[in-house]
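This report describes parts of a structure model. The sequence and the model are shown first.

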Amino acid sequence: MDPREFQFTFYGLMIVWLIITVYVLSLALRERRLRQELDRVKRMLEKS
Amino acid sequence: MYLRQIWTIAAKDLRSEMRTKEALNASVAFSMVILILFSFAFDQAEDLKGLLGGLLWLAYAFAGALVLNRSFARELQNDCLDALISSPAPPSAIFLGKALANFALLMAVELISLGVFAILYDVRLSGKLGLLSLVMLLATWGITVIGTTFSALTVNLTMRELMLPVLIYPFLIPVLMSAMILTTDLIAGVPIATNLVWLRVLVAFDIAFTAVTVLYIDVVLVG
Amino acid sequence: MSLALEVAGVYKFFGDFPALRDVSFKVAPGSVVALLGRNGAGKTTLLRIMAGLSQPSQGSVKVNGAEAREAGTRRRIGVLGHSISVYDELSAHENLTMFGSLYGLDDAGKRADAMLDRVGLGRVRDGLAREFSRGMRQRLAIGRAFLHDPELLLLDEPFTSLDDKAIAVLQTMLKEMRDRGRTVVMSTHQLREAMELSTHVTFIQRGEVAYDGERQDEMLKDTSWLYRTYGDN
Amino acid sequence: MRQTILFLLAAVFAGILLWNGATILDLPQQVTNVGAYKIIYFHVPAAFTAFTGFVTALVASILYLATGKLRYDAFAAGVTEVALAFATANLISGMIWARYAWGIWWTWDARLTSMLVCLLMYYGYVMLRQAITEPTQRARLSAFMSILGCINVAFVYQSIAWYRTQHPSPVLGFREGGGMGPGLETPMYWNWLAMLCLATILASVRMRQGEFATEIDSLRRQAHSH
């Protein structure tokens, strides 16, 4: 395989998984934000 | 009864628009500006003929958004939409009435712009007006249905003015594409017979989206 | 005798939050019902469902035995909400004629003229609503709600922002409706005005009916009696 | 129970990916006149997964409108978002291949353009959802938009296909004029299955988050109603 072909194949495969990883990270971030939010609202409910 | 309700709502919208002419003036002015700006963009272009249809419909699509944005926003003042929905008029009649008014306004803007376009770009329209107006009627109804639907969909959002363009343009691609091809070819004098497929796309688009919206508009308007 | 209004087991959820929980009550023709409750108790939500502006998540609302969302039913209902719901760019007469023809009135123009006289706007019938004072616009809104001579009138906080003249007009017209055996449901904070007119009281607390019955004399004398007796705080 | 299923799916996903990856590595370097063809083992399944997602979202949206159960709405939202991620992966990997094979990053071809329009449209869907705060209203409006969106995809695809197409003819054998060659197609289906497993996991996580957000919203409403 000539190096250019190998390079492009590699990039092509990487980008697919990179994008999915980024999405998974954004999911994890959102999970943390939601939990914080839930804590805050629960505390607000207890106070009132 | 149903037709009378549609007509009442359309007449109401047109009358209040004619009183202020806010949307109409803004829209016409905007489409003029676009037409003029295009002439700079394509100053060096050798083959302007192939771009004319696209140019015209881009101006229509951008200027049209101003009219469509106002459509349901008009009802927000004093919560008039509530009074309409609680009246015996079914939501689909409210929708069709407002769509009809938008259609008339858009056609008015388009006709004015078409005149200016023909002068600025030296387009001879005589003899082509019949087919061109058929294309304009079909494509404008498509723009109207999508625009009015999304105007209803976004009416309660704070970012209404920003959301509408983002939402409608991807939906308008089939309409605008067909209209651009048809218009360019009409101006160039290509016989319509070679482009029947695009007319069919327009008709199918109009029918499909009008039907789905009339079926489902209750979901949007009645909470 | 058929009921003017029957609310049966109505729930309304916003997400998971129940704004209304199993609300049921019946209203006989000729009653004037005061719908009471604190802010956020669900009065407006309930009125919107009765007016056909919103669908209940469960349960049903029947007017004269027919579903509230049917066009035939909505023709019998008049609605006056928080806002005036008239078009600023149209004249007083155009506003009423427009709504008249939506309600299918054949003599919409004539009825609009008569109604404008009743609410004291006959002289300015061709003036644009936007040029009116606040009180005039409110009277125009009252005229819009009464135009098609509704059998059931739904009012959301009618006395809160009205000026004196508009209150007088509204009170006269409500009394006249009551005398003709028409039904009125109104939600309100202004206990005194509401109590004087009403025959029945429905008290809503956190989306549930806490009291439903005839107006009692105690309620007239002491406006917070109801909240103290049937409320839980 | 739910966790067990998710872990099982993850195991299946990893297993297929490893085993199938080895198969793909063993394939001959050159099968046709186009090089770097192995990208399509991820490019095409990503597109399939995205479209499976959009169609599933359509079904869930219709179900929501028919039943009014917010679970369907959360499901539709989750699936759409995951499908968007796969659609992006499909587009960018396609662009890299196009750069290699044709020397250009982008071409206005039917499938590429439809995918781009899909991306823009469903991005609008996500924006619309973010702009509406009341969960029931959000569910109704976005279900309606999802239905409109699917109809539009059909129109866009068909119109652009009539207009111009430069794409390599369909690579799968069951379509006319397509087919890559014996033994070359199967790994693609396996990768599709692997991606579907992954998408299911992600969508289910996203769906739970949606239900979570609804719960927070109702707690907040409860706090304000007192």
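The model is predicted.

**Strand β7 of chain C**

Strand β7(C) spans residues 152-156 and is mostly covered, with five of its five residues buried. In a regular strand, side chains alternate between the two faces of the sheet. In β7(C), one side carries Leu152(C), Leu154(C) and Asp156(C), the other carries Leu153(C) and Leu155(C), and all of these are buried.

| Partner of β7(C) | Residues | Sense | Bridges | Residue pair |
|---|---|---|---|---|
| β6(C) | 77-80 | parallel | four | Ile77(C) and Leu152(C) |
| β8(C) | 183-187 | parallel | five | Met186(C) and Leu155(C) |

From β7(C) the chain reaches β8(C) by way of helix α6(C), residues 164-179, in a right-handed β-α-β crossover.

**Contact between chains A and D**

Where chains A and D meet, 24 residues of chain A are in contact with 28 residues of chain D. The side of chain A that touches chain D consists of 16 nonpolar, three polar and five charged residues.

**Chain D**

Chain D contains six helices and zero strands, and its pattern along the sequence is α-α-α-α-α-α. The chain has 226 residues, of which 44% count as buried. Taking the contacts in chain D between residues at least 6 apart in sequence, 79% join residues at least 24 apart.

How values were computed
Residues are numbered from 1 along each chain as its sequence is written. Chains are lettered from A and ligands numbered from 1 in the order in which they are written. This is a predicted model: local features need pLDDT of at least 70, side-chain atom pairs count only at pLDDT 80 or more; totals for chains, interfaces and linings use all residues. A residue is buried if 20 or more other C-beta atoms lie within 10 Å of its own, exposed if 12 or fewer, and partly exposed in between; C-beta atoms are placed from the backbone. Helices (H or I, at least four residues) and strands (E, at least two) are DSSP runs, numbered from the N terminus. Two strands pair if DSSP finds at least two bridges between them. A crossover is right-handed if, with the strands pointing away from the viewer, the path from the first strand over the helix to the second runs clockwise. Two residues are in contact if their C-beta atoms, placed from the backbone, lie within 7 Å. Ala, Val, Leu, Ile, Met, Phe, Trp, Tyr, Cys and Pro count as nonpolar, Asp, Glu, Lys and Arg as charged, and the others, Gly among them, as polar.
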